[in-house]
Protein chains: 2
Amino acid sequence: MKSDLAAVNPRKTPRQRRSAVLVEAIYEAGARILETEGLAGLNTNRVATVAGVSVGSLYQYFPSKEAIVAGLLRQSRQDLLDGMRQVLATSEGETFEVIVDRLLGVAARGQFDRPSLARTLEYAEGMLAIDQETRALKTELAEEIANFLAQHGIARPLIAAWDLISLVRGLIDAAGLRGETDAADVQKRARYAVFGYLEKMRVAG
Amino acid sequence: MKSDLAAVNPRKTPRQRRSAVLVEAIYEAGARILETEGLAGLNTNRVATVAGVSVGSLYQYFPSKEAIVAGLLRQSRQDLLDGMRQVLATSEGETFEVIVDRLLGVAARGQFDRPSLARTLEYAEGMLAIDQETRALKTELAEEIANFLAQHGIARPLIAAWDLISLVRGLIDAAGLRGETDAADVQKRARYAVFGYLEKMRVAG
DNA sequence: GTCTATAGGCTGATAGAC
DNA sequence: GTCTATCAGCCTATAGAC
């Protein structure tokens with residue numbers, strides 16, 4: 001069962017409005033539980049209760065509890081990827097520094113308001129059977145950034161992309177968990193590390 | 001039970017050699033399970049089996065499964081703190097750059113050989129009822145580093161210490177999980193980010 | 001001190017009523 | 001489509017034999 005990858009995806013995409021509301025309620029309930037109690041605290045009964053639906057209804061749209069977590073992870077990754085692509089697509093004529101800063105802003109916004117959720121989802125990937133499609137989003141993101149870095153003369157662009165993603169995530173997430181609220185200040189500090197890294201990576205690998 | 005803080009510490013510190021071996025076997029079994037299957041895969045029966053002891057014996061030294069995880073977390077934090085303190089205590093006459101690099105080396109060594117374990121332990125802190133003493137080790141580490149940074153003219157030293165710890169952890173951990181094996185190369189890249197951050201923090205906060 | 005056996009509780013998932 | 005009720009399995013922790 002744990003290796004049955006078909007069982008970790010949402011069962012069906014609801015086209016009825018009522019169903020869409022139900023799925024949305026389940027996702028939000030799942031997110032809140034992950035935020036406050038972590039992966040271990042998430043079980044189908046609790047999700048259903050918090051969402052205000054019954055377990056039976058939940059199982060009509062999610063074949064397993066893993067599917068709820070996988071869906072949340074996919075959403076958050078897709079949002080981040082879309083945001084980054086939009087920045088890169090509308091960066092005609094901007095300087096390298098400005099673009100990097102805008103990318104940083106997208107990453108910071110996605111991570112900083114719900115750091116506990118972001119951290120749990122990230123951790124969940126390693127522990128759950130996540131579908132290939134959701135996993136691929138992570139790679140797509142890195143490649144998108146690597147491509148951008150390569151165009152601006154950064155050595156070993158894919159490695160650099162991975163490094164920057166994980167470094168920024170670590171810094172922002174920790175700040176959020178410590179209770180910092182000034183997103184602009186955190187972003188500024190992340191910028192220090194990012195540009196320091198990039199300057200060195202521009203000359204030598 | 002979850003809020004019973006007394007239940008997350010090892011039950012007694014064994015002075016008999018046989019007992020010490022048993023406790024050590026349980027810790028190593030727990031570490032291996034956390035590494036391969038994460039927090040959810042760790043249960044007392046499995047730990048006991050892998051350690052080659054019975055559940056009954058396990059419960060003589062650990063009042064709960066959380067106590068095993070908490071013990072592992074404490075060990076890893078204590079090792080890191082000890083390593084850092086030793087570097088700082090033997091850094092007479094060294095340049096700032098050399099000391100930072102040696103600190104980085106200590107952090108890298110502790111994190112890079114078992115990145116999956118390190119990540120799971122870190123995640124576990126937020127989800128488990130960890131005793132105050134173990135939690136305090138994290139603060140002690142940050143303060144130790146902050147004190148060092150302050151002596152060398154870094155602005156907002158405590159914030160900077162937290163940032164550097166989380167940034168380095170994120171970068172090294174991700175590299176390890178991706179399967180990178182060249183620790184020196186990873187450390188070099190971490191150095192780029194760290195010094196870039198510190199240069200900017202030296203002049204303005 | 002170490003074991004086996006088991007109790008008691010909780011969870012994932014389903015069946016069947018409405 | 002949504003619900004309640006329930007079963008079978010797994011887990012923590014303990015009791016009692018040796």
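At what angle do helix 7 and helix 8 of chain A pack, and how far apart are their axes? The views below come from a predicted model, in which local features need pLDDT of at least 70, side-chain atom pairs count only at pLDDT 80 or more, and totals for chains, interfaces and linings use all residues. Residues are numbered from 1 along each chain as its sequence is written, chains are lettered from A in the order in which they are written, and side-chain values use heavy atoms, without hydrogens and water.

**View 1. Helix 7 of chain A packs with helix 8 of chain A.** Helix 7 (residues 132–151) and helix 8 (residues 157–177) pack at about 120°, with axes 8 Å apart. Axes are lines fitted to C-alpha atoms over the stretch in contact, and angles run from 0 to 180 degrees between N-to-C directions. Helices are DSSP runs (H or I, at least four residues).

**View 2. Residues where helix 7 and helix 8 of chain A meet.** Among them are Leu141(A), Ile145(A) and Leu149(A) in helix 7, and Leu158(A), Trp162(A) and Ile165(A) in helix 8. Contact means heavy atoms within 4.5 Å.

**View 3. Protein residues around DNA strand D.** Of 15 residues, Ser57(A), Gln60(A), Asn43(B), Asn45(B) and Tyr59(B) come nearest.

**View 4. Side chains at phosphate oxygens of DNA strand D.** A polar side-chain atom of Ser57(A) lies 2.6 Å from a phosphate oxygen. For Tyr59(B) the distance is 2.8 Å. For Lys65(B) it is 3.4 Å.

Notes
Helix = DSSP H or I, 4+ residues; strand = E, 2+ residues; numbered from the N terminus. Near = heavy atom within 4 Å. Polar contact = N/O pair within 3.5 Å; in protein donor to acceptor, adjacent residues only side chain to side chain.
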